[in-house]
Amino acid sequence: MPEISVVIPWCDRPEIETTLMANQFVFSQYDLEIVIVSAAGDCEALAQLVRRAGDTRVRAIDLPEAQFNRSLCRNMGVFASTGRFVLLLDADIVLKSDLLADGLRMLARGPNFVAAE
């Protein structure tokens, strides 16, 4: 079981490739999985973007019948996650620093969740 599951809602946003590559400086430091939930998105395009990004820890979940719904994607991603902790991330977010280290330190002190803006 990975320590962290990163859940990313997605629908036809090519920025996911940049997001995955740019966040490697943080993601590579942790035992984590990346769960991308596609609602109404082109799964073949997603597979190509993920392949080009080069992160082998990505698992894609397809919701083919659904229209894009960010909350549904997040909920399904959390449901499918196997990590001890969950990071909800949008498809176009590039982390400026290692917020995972800060979040894990805060969680060790006892809160049930950490939110960052």
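Q: Helices (DSSP runs of H or I, at least four residues) and strands (runs of E, at least two) are numbered from the N terminus; which of these elements gives the largest share of the lining of the largest pocket?
A: In this predicted model, where local features need pLDDT of at least 70, side-chain atom pairs count only at pLDDT 80 or more, and totals for chains, interfaces and linings use all residues, that element is α5, with seven lining residues. Residues are numbered from 1 along each chain as its sequence is written, and side-chain values use heavy atoms, with hydrogens and water left out. At least two lining residues each come from α4 (70–80), β4 (85–88) and α5 (99–108).

Q: What makes a residue part of the lining of the largest pocket, and how many residues line it?
A: A pocket is an open set of points on a 1 Å grid over the protein atoms alone, where a 1.4 Å probe fits, with protein on both sides within 12 Å along at least five of seven lines, and a lining residue has an atom within 4 Å of a point. The largest pocket is lined by 25 residues, and Leu87, Leu88, Leu99, Val114 and Ala116 lie nearest its centre. Its volume is about 750 Å³, taken as the space filled by probe spheres set on the points, which are joined across faces, edges and corners.

Q: How many residues of that lining are nonpolar, polar and charged?
A: With Ala, Val, Leu, Ile, Met, Phe, Trp, Tyr, Cys and Pro counted as nonpolar, Asp, Glu, Lys and Arg as charged, and the others, Gly among them, as polar, the lining has 17 nonpolar, three polar and five charged residues.

Q: Why is the protein called as compact as a globular protein of its length?
A: The five helices and four strands follow the pattern β-α-α-β-α-β-α-β-α along the sequence. The radius of gyration, taken over C-alpha atoms, is 14 Å, close to the 13 Å that the globule rule (2.2 Å times the number of residues to the power 0.38) gives for 117 residues, so the protein is as compact as a globular protein of that length. Along its principal axes the C-alpha trace spans about 40 × 25 × 25 Å.

Q: Why is Asp12 called partly exposed?
A: Buried means under 20% relative accessible area and exposed over 50%, with partly exposed in between (1.4 Å probe, protein chains only), so Asp12, at 42%, is partly exposed. Asp12 is in the loop between β1 (4–10) and α1 (15–22), and has a positive phi of about 55 degrees although it is not a glycine.

Q: What makes Ala40 count as partly exposed?
A: Its relative accessibility is 37%, so Ala40 counts as partly exposed. Ala40 lies in the loop between β2 (32–39) and α3 (43–53), and its phi is positive, about 65 degrees, although it is not a glycine.
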